[in-house]
Amino acid sequence: MQSASRIRGSARPCAQNARTIAALTSNPGCDRRAVLDTAGVDKQRLADHIGYPARFGQSQFAIVRGNAFEAQLKADQCAALLRLLIEQKIVPPGQHARHVDCSAVGQTESQDDRLARTAGLLGEVFKGGDSWGVPGQRPALLLDHPLLAMTIAGRTVYLEPDLILIGPDARVHVVEVKSFAVIDGQAAPSKVAAAAIQAAVYVMATCAAVTEAGFDAGAVADEIVLVCPRDFANQPTATLIDVRKQLAVLRRQFARMARIEMLLAALPDDLTFDLSIDESGVARRPPVEVVAALECVPARYIPECLAVCELAGFCRSRSRARGQTAVLGRDVCERLGGIEEVETVLGLASGTLSPSPDQTETAAVLRLAEQLRSQSLVLAGDPTAASSGLGLSALGLSA
Amino acid sequence: MSTLVALARALAFVQGVAQPITMVRHIHCAERPMVFIPLALAGEANAPLAAMVGDDPDRPRLLVVPQPRNRDLRFAFAAELASILVPHFERFQTVTEVAAPDRTGQARWRSTDAPQVVVANPAAAGFVRLFGRSTRFRRADGPYAVDARVPVLGQWLTFFAERAEYPGSSLLVTLTDALAMHWATGQSALEDTHLPALLAWIEPPEGRDGATAAMLAEDPGIWPPAGPATDPDFDNRVLAPAIEAYAAATTPDAGTLAECQASGALRDAVASQLEPTWRLMWRAIALLRALPPGVRVADRWAADRDAYTEFAARLEGSGLPQPRRDGAVAAARRLHRLERALAAFTVQRAYDDPLIMAEYRLTGEAFVATVLEADRLRIDTSGRRRTLRPRVTVTTTDPAKPEVGSTWISPARPAQRARAVEVVVARGAETTVVLELSGGMGRALTPLPGSVPDAGERLCYTSLADQYVPPGDFPAPEETPWTHGGPPAPASLDAVEGQAAVASRRGDDLPRDDLPRDDLPRDDPAGEEWS
Ligand code: SF4
């Protein structure tokens, strides 16, 4: 039986965040990722070590701009943010707001202390009649970078949303601040989708915290407030996004990860991704060994991995080496009748391979497609056609 | 994605080099395309950082915003870009030709050529659209005055970006799309949007296969990304220090040696990211040029020239910027036109290209047949008038099984309809069809030479028809219920939308010239800050 800590080895568990958790949902079928993430393996470091460095760097310009935008929203007891919330009718007009800084106190405050602080705050607010004022008469509370915890597949994951709003009516909204622009009411759909699923992770964590504090998680709204700069200026704009769908996706994925024990049970006992990092911080384990370890856990590479998973470079090259149609993209795979190997596709297309019973239909289409392709190329006198087509079907041209 | 293209991808994968998926080129290649590579500053809403632009591969122009967060410098960039692009865009107006009259019978003119803008990838096309949006509402007077050419540039860029949505239009060419339309690589469509990797598959260097070459091309240390996003590593290690050095060297008395040096260093740094892409883009253009053009490419380019002529006239007329968002009627009209363009483009590509037609042969929407016999002079006497109705008997091994009574068209004789009057499906894979022909044979009772296929001729018949679809009928704004956006409100922006809708109702898309200038969108977007 394998354990997560053995798999990870001596390194400290790699911190998960909402982004990495959200990324899990983009390739839910991959065991390799599920195992590495559950064990808290630092995939970036791993990828570097085996010679497929991931390129997920962030430009300092983007970071600076993001921070400036956030600061602008929070200035002056979150005055700008409050205006937006009133506009969106989440907070009644004329309402005051209190900005509650939940970020770490100094360098020393431990995560558990911070966690307790957020939890205490939530408890106090929900109990009512406290220093914040009784429900209905207290200001809207904007918890700035509260720390939440959540258990995913037996591991505690710490999460830090940008802001959580607790309205005067004790309704809780997750507020996600992003620095991509909404121009004439439109933003890049991929960015909105990414923001929504990340915020959904925070919604789950907030629900967990509220439940933990002994209250009903129904107080947490399943829509989130996305705040972005509007048009080309730094003026913020807020949009409400329903994240019920994202929550369902996440729950499914977490349930799957909860069954990780079964996955681990199937792995060799001595499997580990320990990089044998010495005192000077250099990884000593031979990369071939690490690669061999990776190969023990089945992966399911798809081109979408390139945008979300640190191991994509490695997995792509393996998938290519195996000649898997998956590297060509999902729509191509579908068109090729779901056949997994490129060689099989071409064998069936050229007729050199006889189809298995469940392949006959696909094979007939592929065979015909190949014939039509070569025929057209030959007809048009393409000199390379005879060799680049599979060569055989030019015979069909006898008419 | 058709099965033939999927198969071509599989082939490309095995052979290590991209495979052609067309026999001809389906886009227009201008004699002197205007190549435009914009770079944007990370994290900002389309803030220009630099651009390389020009219509001569040997003389690229480099534009740099030394401090991208400085509004004045950004507008100086926009003005400089306008001074290059706007004269180029306007140049093609002078030589015109007579075009077919419009629906109302009014004579029409159109430019004999039009400008073509070429960008590297879809994100760069997006930059064109957003940069157009951020500049077209600016004004040359008032508190936020900019160079007079800036809003004009904005309108032009908006025009190009909108036109690019029309399937088959070649006014704004996105190279990765254009290349992927003609070649299938052994990687995914997602990876094809990376220009260096895509080209590595199409033209892998000696001794390397496409996959390896593409992998190397993805390394930003070897090939800088084609933009508009820059490599974060470049931002952090090179660009940020260079911008800082420039800021430190800038003093109230401009033009000091230190400032010149700092700005020179910054330009060099940015140029190092742009030059490789510049060369790649011209290589890609050369690849496309080398393909023989499809027959109907010229027709579509004529439609592009029409659009260009119309827009140039509109600019000279009212000069009203395009609205921020289309009103309901304008949006519906536009959607309808896009659908028509897509339908036409789909059919035209198949007509022009046997390899694309093969996709329809696979699905039974087309077949290639050999003419067994032809009754050229057959006359139909059943009606009141004697009519020429030749019959040809053809045989095919394609999967298509025409039904009796179905109509087919041969791309070789598009004006002619062929109706299946008899179909015999033989034991083997062979199908014999007797087709009765009408149209495209001249007016006499004997067909013009060559208008009826001869015995032994091999030809293609398809059920795809390149038909004229009449433009839809849309209500005038004043007849549009408020639920659908009309009638126009008097406020500035809405007025523009309303007027545009009035104009399009009149069929010329030109807003009235007598609009008071006050109807121009004023302070809101014009004064819009640039972060
Ligand atoms: S890149 Fe590899 S490990 Fe990551 S999700 Fe894809 S297949 Fe799984």
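Reply: Chain B has 531 residues, and 54% of them are buried, where buried stands for under 20% relative accessible area, exposed for over 50% and partly exposed for anything in between, with a 1.4 Å probe and protein chains only. Bear in mind that this is a predicted model, where local features need pLDDT of at least 70 and side-chain atom pairs count only at pLDDT 80 or more, while totals for chains, interfaces and linings use all residues. For bookkeeping, residues are numbered from 1 along each chain as its sequence is written, chains are lettered from A and ligands numbered from 1 in the order in which they are written, and side-chain values use heavy atoms, with hydrogens and water left out.

Staying with chain B, its secondary structure comes to 15 helices and 17 strands; these are DSSP runs numbered from the N terminus, H or I of at least four residues for helices and E of at least two for strands. Contact here means heavy atoms within 4.5 Å, and of the contacts in chain B with a separation of 6 or more, 69% come from residues 24 or more positions apart.

Chain A has 399 residues, and buried ones make up 51% of them. It holds 16 helices and eight strands, and its C-alpha atoms fill a box of roughly 90 × 55 × 40 Å along the principal axes.

Now for the part you asked about. On the contact count, 54 residues of chain A meet 59 residues of chain B. The size of an interface is often given as the accessible area lost when the parts come together. Here the buried area between chain A and chain B is about 5,000 Å², with carbon and sulfur atoms giving 64% of it; that area is what the two parts lose on being put together (1.4 Å probe), summed over both. On the chain A side, Phe61(A), Phe232(A) and Arg373(A) lose the most area to chain B, together 18% of what that side buries.

There's a polar side to this as well. The rule finds 14 residue pairs in polar contact across the interface of chain A and chain B, both residues at pLDDT 80 or more. Such a contact is a pair of N or O atoms within 3.5 Å; within protein, one must be able to donate a hydrogen and the other to accept it, and residues adjacent in sequence count only if both atoms are side-chain atoms. The chain A elements that give two or more residues to the side touching chain B include α5 (60-87), α12 (312-321) and α15 (360-379). The largest share, eleven residues, comes from α15(A). Sorted by type, that side of chain A has 29 nonpolar, twelve polar and 13 charged residues. In this scheme Ala, Val, Leu, Ile, Met, Phe, Trp, Tyr, Cys and Pro are nonpolar, Asp, Glu, Lys and Arg are charged, and the others, Gly among them, are polar.

On to the charged pairs. Side chains of opposite charge can pair when their charged atoms come close. A salt bridge is called when a side-chain nitrogen of Lys or Arg sits within 4 Å of a carboxyl oxygen of Asp or Glu, and nine of them cross the interface of chain A and chain B. Over all chains, the count is 39.

One crossing pair is Arg320(A) with Glu191(B), whose closest N and O atoms are 3.7 Å apart. It runs from helix α12 of chain A to helix α6 (residues 189-192) of chain B. Arg320(A) counts as buried because its relative accessible area is 12%, and Glu191(B) is buried too, at 4%.

Another is Asp231(A) with Arg133(B), again with 3.7 Å between the closest N and O atoms. These two belong to a network of salt bridges that also links Asp184(A), Arg230(A) and Arg324(B).

For contrast, look at a pair within chain A: Arg244(A) and Asp242(A) meet at 2.6 Å, N to O. Arg244(A) is exposed at 51%, while Asp242(A) is partly exposed at 39%.
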